[in-house]
Each structure stands twice: as C-alpha cells, then as structure tokens.
Amino acid sequence: MTKKITIFQQNDTHGCLDAHDEFYWQGNAPVLKRAGGLARISKYVKDVKKQLKNVLFFDGGDLFHGTLPLVKSKGEALIPILKEMELDGFVPGNWDFAYGKKQLKKLVGELPCSTLACNVFEDDTQEPFLTPYKIYELTGMNVGVIGLTYGHEKETMPESFTNGLSFTLGVEEVSGIVEAILDKVDLIIVVSHLGLPLDVKLASLVKGIDVILSGHSHDRVINPIDVEGTLVVQAGSNAAFLGRLDLTVEGASITHYEYQLIDVHENMQEDPHVAELVNTALEPFSKEINEIAGVTNTLLHRMSLEQSPMDKLITDAYLHSYDCHIAFSHGWRYGPPMAAGPLSIFDLYSIIPTNPNLFTVEIEGQALRKTLEKNLEMVFSANPFKQKGGYILRSSGLSMTYKPYNPKGHRIQTLHVGGRELDDHATYKVAGGGGQVMKECEKNKTYFDHQAIDVISSFLKEKGPFELRGSKQIISV
C-alpha cells in the first residue's frame with residue numbers, strides 16, 4: 001500500500017518573530033534581503049494542512065530564547081503565538097534550558113503539541129525529563145518520532161541551565177527506541193538538536209531511522225544528505241527558512257522523496273492572527289526598538305566560522321572599556337544580521353541577549369595557548385560527537401594562524417598578542433563576558449557590575465560609528 005506524508009521543519013528560530021534582514025551569498029558577496037516571520041510560516045503550513053491528509057510540523061529547538069521579548073518573559077511571550085501555529089511536536093535545544101528546568105517544564109506544559117527528548121533525565125530519579133518519543137497515528141500510517149536534545153549541555157552552557165538534569169548524546173537511547181517501535185510504525189523520524197555533523201554520524205550508527213530533522217548548527221541544507229538510506233535535513237535559522245519533505249512510503253520503505261528549503265521571503269502571505277500576536281509580543285518593547293544606541297558602518301553578521309563583524313563589535317567594545325591585552329566573546333551562531341546604519345537597544349539585545357556581566361582575568365601565555373587549542377578541538381574534532389557547538393572563540397587584540405585538521409593540541413601555527421609573538425611565560429590580562437568564556441579560569445575572574453549592552457552602547461557613543469577595519473586576524477592555513 002502506497003502512503004504519502006509531508007513533514008515540515010523549523011529550527012533555531014532564536015526569538016526572530018517577524019521579518020528581518022537575512023544574510024545570503026550572491027556570488028562571493030553577502031547581500032541582505034527581508035525574510036522570515038512566524039506568521040508567514042504559520043500561513044504556509046496551515047494551507048498545506050488543509051490540502052493534504054498526512055502533514056506533520058516540528059520545531060527542532062532554540063525556540064524560547066534569543067531576543068528581548070523572550071528573554072524578559074522567560075519564553076512566555078511566545079506561547080500565545082505557538083498555540084496558533086499548529087505545531088505537532090517540539091524538541092528543546094540548548095538555549096531552551098536557559099531559564100532552568102522548572103520554567104522549561106512550565107513552557108512546554110502550555111504547548112498544544114508534544115515535547116520530546118529521549119536523552120535528558122532527572123538527576124534524582126534518572127527518569128526521563130520529557131517524553132522520549134511519540135507514535136503519530138495518521139491516515140493509513142503510523143509515524144514514530146523520537147526527540148533528541150543537545151547532549152553537551154552540561155559542558156557548554158551555564159550551570160543554571162542544567163541544575164537537576166543530566167544529559168547523554170542519545171545514541172543508545174535512540175537505538176533502543178528504534179528497536180522497540182520498528183515493527184509498529186511505517187516511518188521513523190528523529191527530531192534532533194545535536195547539530196548536522198553529529199546527526200550524520202548518528203545516522204551511520206543507528207539503523208532503522210528514515211529521516212533526521214537536524215538542528216543546532218544553523219545549516220541551510222539544500223539537498224537531503226543520504227546516509228545509508230537515512231535522509232538528513234536542516235532548515236537554517238532565524239525563522240527565515242522552512243524545510244518541507246514530501247515522502248512516498250511503500251511497506252516500511254521510502255520509495256520517493258522531494259525536498260524544498262523554502263525561503264520565507266517577505267512577499268509570502270501572513271497568518272493574520274499570528275501576525276497580530278507577534279505585534280502584541282513586540283509592543284511592550286517599542287522604547288528599546290526606537291532608542292538608537294549607535295551606528296555601524298559595517299554589515300553585522302555571524303555567518304563566518306573564524307571571525308565575524310557582529311562579534312568584533314562586542315570584543316572591540318570590551319577591549320576599549322578595560323585595560324587589557326585581549327578580549328574574548330563566545331563563538332555564537334544566533335542573531336539575525338544587521339545592515340549598516342543605526343543600531344537600536346533592541347538590536348543589541350538580539351546580538352547578545354544574555355547581556356552578561358563583564359570580567360577580567362590574568363592568564364599565563366602557555367595557559368592561553370591551551371585554551372585556544374581546546375576551543376579549536378571543540379570546533380574541529382575529528383570525532384563529530386566531540387564537537388561541542390559554536391564557532392571559533394571571538395577575539396580582539398589577538399591574531400592566530402591554525403591548521404583545522406591537525407591533531408588535537410597541535411593546530412595553532414602562529415599566535416600573536418598586540419602584534420607580538422605570544423610569550424608562554426608572560427602574563428596577559430583578558431576581558432570577557434559570561435561564565436562560559438574561559439570557563440577553566442572561573443576561580444580567578446574578577447566580575448564587574450557593567451553589563452555587555454551598556455558597555456557596547458558606551459563604546460558606540462564614545463568611538464562613533466563602528467567599522468570593521470584591517471585584515472583577518474584568525475586564519476586557517
């Protein structure tokens with residue numbers, strides 16, 4: 001018997017509720033186009049659900065954090081919108097744990113869809129924190145859907161995110177569930193927030209998965225990656241893209257598929273009710289939206305692995321504000337790009353929604369080198385399951401050449417601070433924001449009352465328009 005199903009995927013929306021400037025490559029040059037918005041996604045999915053029988057719509061995580069309305073409400077501003085979007089399932093990402101397990105449990109308890117994750121457990125009982133999987137009974141077919149959240153939460157996110165919880169990478173849990181439900185379903189889907197390299201590896205390790213809807217790494221997958229019969233896809237980020245996978249299933253095998261990475265462009269129609277709810281969520285922040293913090297003459301984005309203009313604004317501001325040799329900021333992926341021009345306080349919260357307190361710390365050159373090697377291992381490890389998310393540590397005051405695929409601990413080729421070769425025995429003073437930057441130095445950090453957004457605002461006012469100048473400082477050779 002031939003069965004058909006359409007699967008929709010959004011992932012890593014990071015609080016981008018409405019249309020915004022989105023980053024695209026045109027030849028070798030970046031361009032910005034207006035795109036995105038939950039109202040457009042909602043309209044498109046609802047229209048298809050009216051036309052076709054078997055349609056499932058999943059969110060792959062990093063849903064409740066990323067912009068001012070979500071951070072200030074601890075995710076709650078999004079709930080009325082999600083109730084209207086006809087989601088069928090949600091898998092939390094690493095940032096969805098930002099408000100602690102109690103608040104996440106409250107948020108997902110208000111969703112009209114299932115929240116799934118097989119690899120996060122209560123510390124005291126070792127019982128699953130969320131429902132590991134669900135079997136969806138559709139017209140003429142059953143679909144098993146397994147949730148898989150980010151497995152490195154404990155190592156890479158602040159302690160407050162994970163108090164009372166423990167995490168695994170999920171391979172054993174997924175394998176056990178697949179074995180248990182294989183004879184009960186026509187199709188097995190894993191909705192994952194591990195990141196594309198880890199999900200491709202997972203597909204090679206666990207047989208019986210038909211589709212992996214990948215999240216976390218913000219990849220715009222144009223054509224499904226076929227791993228020994230498992231289709232792996234991912235739908236970009238910022239609510240600017242929607243993944244659509246149309247499957248024909250005969251017996252328990254996919255006999256045909258068509259995939260689209262849908263560009264949620266500004267000419268797409270909106271769901272008027274969702275658009276109204278988005279406006280309601282944004283309305284309390286009109287002051288921040290209209291208050292100009294400063295100006296950038298450079299397009300700000302995070303679409304590059306080694307260094308990015310958006311993070312250079314952060315680290316230049318830190319370095320300007322403190323008497324230090326180097327400034328660091330985490331290699332985040334979130335945050336919509338911003339055109340050259342005025343920057344509002346709302347924009348700054350989209351650049352660094354955590355708004356951390358600033359710190360300084362003194363570190364010996366040899367230890368600094370080890371910190372940078374450790375970061376490179378987290379980004380480029382030959383074992384995908386040891387890749388722990390994010391891009392290369394962002395910096396000002398430092399220049400480095402490296403070989404990404406050298407062995408662990410041997411990637412750095414040259415390293416300079418302030419234009420001089422690093423002295424392994426000298427002491428360097430570093431400025432940063434947030435406890436996860438240089439976490440190994442936590443005991444020696446001196447924290448200040450100054451928060452990142454105030455420091456960046458002051459920097460823009462004192463130094464005038466931000467402009468990225470000079471050549472690249474972090475270079476793969």
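Me: What makes up the secondary structure of the protein chain, counted in helices and strands?
Reply: In this predicted model, the protein chain has 14 helices and 27 strands.

Me: How do you know that the radius of gyration of the protein chain agrees with that of a compact globule?
Reply: For 477 residues, the globule rule, 2.2 Å times the number of residues to the power 0.38, leads one to expect a value near 23 Å, and because the protein chain has 22 Å, the two agree. Along its principal axes, the C-alpha trace spans about 70 × 50 × 50 Å.

Me: What share of the residues in the protein chain is called buried, and on what ground?
Reply: A residue is called buried when its relative accessible area is under 20%, and 57% of the 477 residues in the protein chain are buried.

Me: What share of the contacts with a separation of 6 or more joins residues 24 or more positions apart?
Reply: Counting heavy atoms within 4.5 Å as a contact, such residue pairs account for 72% of those contacts in the protein chain.

Me: Which residues of H13 are buried, and against what do they pack?
Reply: Among the buried residues of H13 are Gly365, Leu368, Leu372, Leu376 and Phe380, and the buried residues of this helix pack against strands including S18 (326-329), S20 (357-364) and S25 (427-433).

Methods: Residues are numbered from 1 along each chain as its sequence is written. This is a predicted model: local features need pLDDT of at least 70, side-chain atom pairs count only at pLDDT 80 or more; totals for chains, interfaces and linings use all residues. Side-chain values use heavy atoms; hydrogens and water are left out. Helices (H or I, at least four residues) and strands (E, at least two) are DSSP runs, numbered from the N terminus. Buried means under 20% relative accessible area, exposed over 50%, partly exposed in between (1.4 Å probe, protein chains only).
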